[in-house]
Amino acid sequence: MSNIKLYLLFFKTYLKVKSEYRFSFFMDLFSQFSTFAITYLSIWILFGRFKDINGWNFYEVVFLYNINLFSYGLAGLFFFNPLRFLEEMIHSGEFDCLMHKPMSVFMHLICRRFNQSYLGYLILGIIVFRFCMDKLNIIWTVANVIWFIIVMAGAFLIQASIIIISGTTGFWLTRSASVTETIVHRFRSFITYPVSIYNTFVQILLTFVIPYAFVNYYPGIYFLDREDSSLFSPYFQYLTPVVGIVLMILAMGFWRIGMNRYQSTGS
Amino acid sequence: MSIIKVENLTKQFKRTKRKKGFFGAIKTLFSNEYEIKTAVHDVSFSVEKGEIVGYIGPNGAGKSTTIKTLVGILVPTSGNAEVKGIIPYQSRIENARNIGVVFGQRTQLWWDIPVVDSINLMRHMYKIQDALFEENMKIFSQVLGIDEFINTPVRQLSLGQRMRADLCVSLLHSPDILYLDEPTIGLDVVVKENIRNFIKKINKEMGTTIVLTTHDMDDIEMLCHRLIVIDKGHLMYDGDMGSLKAKYGSNERLTIITEKSDVDLKGLLALGVSEFKYNGIKADIQYETDKINAMGILEWMMQRCRVKDFSIHQVNIEEVIRKMYRELDERSKMMK
Amino acid sequence: MKAYIEIIRNSFLTGITYRVNTLLRIFGAVVSLLVQISLWYVLFQSKPDATSHIGAIKLSEMVTYTIVSTLTHIIISNQVIMRLDNKIKTGQIAMDLIKPMSLKAILGSEMIGTTLYNVIFRSLPILLIGIFLFSFQFSGWLNLAFFIIALFNAAVIFFELSYIVGLTGFWYTTVWHMGRVLDNAIRVFGGSFIPLWFFPESLYHISMFLPFRFIYYTPILIYIGKVDMKGVIEIILQQWVWIAILIIIEKVIWKFGIKKLVIQGG
């Protein structure tokens, strides 16, 4: 209980920091906003010329992309800045300061750095969900709503784990920030569109190596009730929560390995 | 009961051997060649409750490796460290409750917001009782003058104020031990003096054990009851200031101002003078106190020229340490 | 002159120093190339060509467009905004102003060094992948020659735009936001991802009034051979006009910015 209180206190303190730079705060939101706004715009332009993408209509593609964006926004809010700047904190010695406090280093790191610009993702995400709900043929039974929430939690865990794993390479690499940028920004762009448009190799990659396909594609098959055009078992559409939990366990394990390394090398 | 116990502490770092050039870099990625660097070699010491210990040595001597081990950041290669009965690198969080740490060049305060917010956060992180918190804050406002700038964002504080704020934050939970890494670095003389006085007061009033590393010899002279000197990972000296001076500091220096003359001071060398400089007016003479005293030298001089003025300089610790380092250096060269 | 060459050399070598970075960025570029090309393949799946503002477009043209666009992105990219942001924040700009070279020339030289590095180490691998994996089409020496001229102009336009956005740092502390918005505007209205020929009428017209299309869309049109000689010359002239306009804007902003700097004392 007192941990939650401490976390809220961190959050309050953080908001105070941001209110010191109020204009910057809104520009953060605005610039993030513009980024995904143009992705939606691009999808819209494409559908002006083409009827569908591999059989997926405009709203379905937007729905998939929105699951990606929303879960990424939620994960990024907590994990992006702490992990993206881990390497920098190690070099500047700031990381050592976390280590002489009576708190889990990982928790402290997460508490100390939020990235409020991801709030923009969440706000727009909700708007877009609302907007495409009516146009999709999803019957929102209680069971479906609950399953959707569980899937979102799983997607959040997948996104968070991938951010954590790529940032944790900072214990080994001097410029791990570019690892994070490449994986989280570039590689994730694969799931802007339904994964079935890619060749087998990429689909395997997105399913078994960096399993972004479980964020939106496989659960999308379930919710949009589509013929499974993918290469793998139909059960994959239910696996998102499991993949999320397993990946998070791996990520925490990887973090521990990194910490052990840090404690034995100090660099 | 010793509050800090370090036994045969050794810390080695493995570093991948780097190869030069483009292909070298690729080879480095896959190679298993390491070089092993011993940062701390078989160091043992213990610190009693309430002591102020200066932990000193040249750059790269292994000071911060030792401190990092005591704080719980590093795990030793072999040997043990125990702080208040706790092994810091095994129970890092438990240990963290007993200690306060100030790394001189790095602030633990939140950069953009007033000091009071950082204080508030620490209060909750360490779960400090209200009574203790208020009592401590009273002390800090008295001796550190925290009140003056408690509502100022940290980035607007002067270096001295920031150090005071940092000290305040790390002492809020009344730790038994305070580790200070270069606490006066970059501060002006007056502020340095204040910080030292505060450290002394904390030590006296709260009974805090203090371990500090520093390059500032005045810090050592004015604060430390005891010195631990480390060089190239090896413990060189552990004891009080007096015996260190006695061991390495039997030197004194005498400055004599004369009317212009061409006396050759070489004659003094036979009497126990170890070094001299003379430009015809000002003479700088170093001598060993167990062989000759200032009077002896002055008499010798007065017989040969008119002495206008003179002054005697006590050796300060800086010279002692410098001499010690020099001797260590020579010894290690001899061994080679 | 010697000094500028030194700067070019240094920023070229800086690029080489971070090899892992280079590999990761090539990987990143391959990913986005793959995403885009896969998408076009799927979109053209059931039909031989698509209608557009400039007539029917074939899949092979679309693939070539995507590869040239990716190469253009790599070649013209610069760190002008971040560099200026940094210089203004740290006050280092004051030091640059007392150097006997213009700040713009320094940044320009840095960009040339970076570009050389990008051409050799980042665009070549992409070009090879394009040729062997996606049957990238060579469309003749004449087209290539005019494309290179237009590409050079595009780089200048992009440099000027970045420089102008960077200069807003005199007034506003976190410039990267503006940089992000600029990147996004170029991504859409420059046609770096979707060629303007596929745009709906309204957006197509808006983009005609903006300088962004001269960075990606029009140079690539030249390469693919979608414009005749008259069109090529028009495009290059229009690029020059835009360069002139941007230089004037930049000079005005600089004048006001420097005043602000002097008043604040850096």
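Chain B holds an open sheet of four strands, ordered β11-β12-β10-β13, with antiparallel pairing. The model is predicted. Helix α11 of chain B lies across β10, β11, β12 and β13 of chain B. Elsewhere, chain A and chain C meet in a contact that takes 30 residues from chain A and 28 residues from chain C.

**Sheet in chain B**
- The edges of the sheet are β11 (273–278) and β13 (307–313) of chain B, and each pairs on one side only.
- On average, neighbouring strands of this sheet are turned by 15° against each other, direction ignored.
- Strands of a sheet pair through backbone hydrogen bonds, in either a parallel or an antiparallel sense.
- In chain B, β10 covers residues 251–258 and pairs with β13(B) over six bridges, in the antiparallel sense.
- Opposite Thr255(B) stands Ser311(B), a residue in β13(B).

**Helix across the sheet**
- Helix α11 of chain B spans residues 294–302.
- The strands that α11 lies across include β12 (282–288) of chain B.
- Relative to β13(B), helix α11 runs at about 160°.

**Contact between chains A and C**
- Chain A contributes 30 residues and chain C contributes 28 residues.
- On the side of chain A that touches chain C, the elements giving two or more residues are α2 (22–49) and α9 (177–186) of chain A.
- α2(A) gives the most to that side, with 13 residues.
- By residue class, the side of chain A that touches chain C divides into 15 nonpolar, 11 polar and four charged residues.

Key:
Residues are numbered from 1 along each chain as its sequence is written. Chains are lettered from A and ligands numbered from 1 in the order in which they are written. This is a predicted model: local features need pLDDT of at least 70, side-chain atom pairs count only at pLDDT 80 or more; totals for chains, interfaces and linings use all residues. Two strands pair if DSSP finds at least two bridges between them. Axes are lines fitted to C-alpha atoms, for helices over the stretch in contact, and angles run from 0 to 180 degrees between N-to-C directions. Two residues are in contact if their C-beta atoms, placed from the backbone, lie within 7 Å. Ala, Val, Leu, Ile, Met, Phe, Trp, Tyr, Cys and Pro count as nonpolar, Asp, Glu, Lys and Arg as charged, and the others, Gly among them, as polar.
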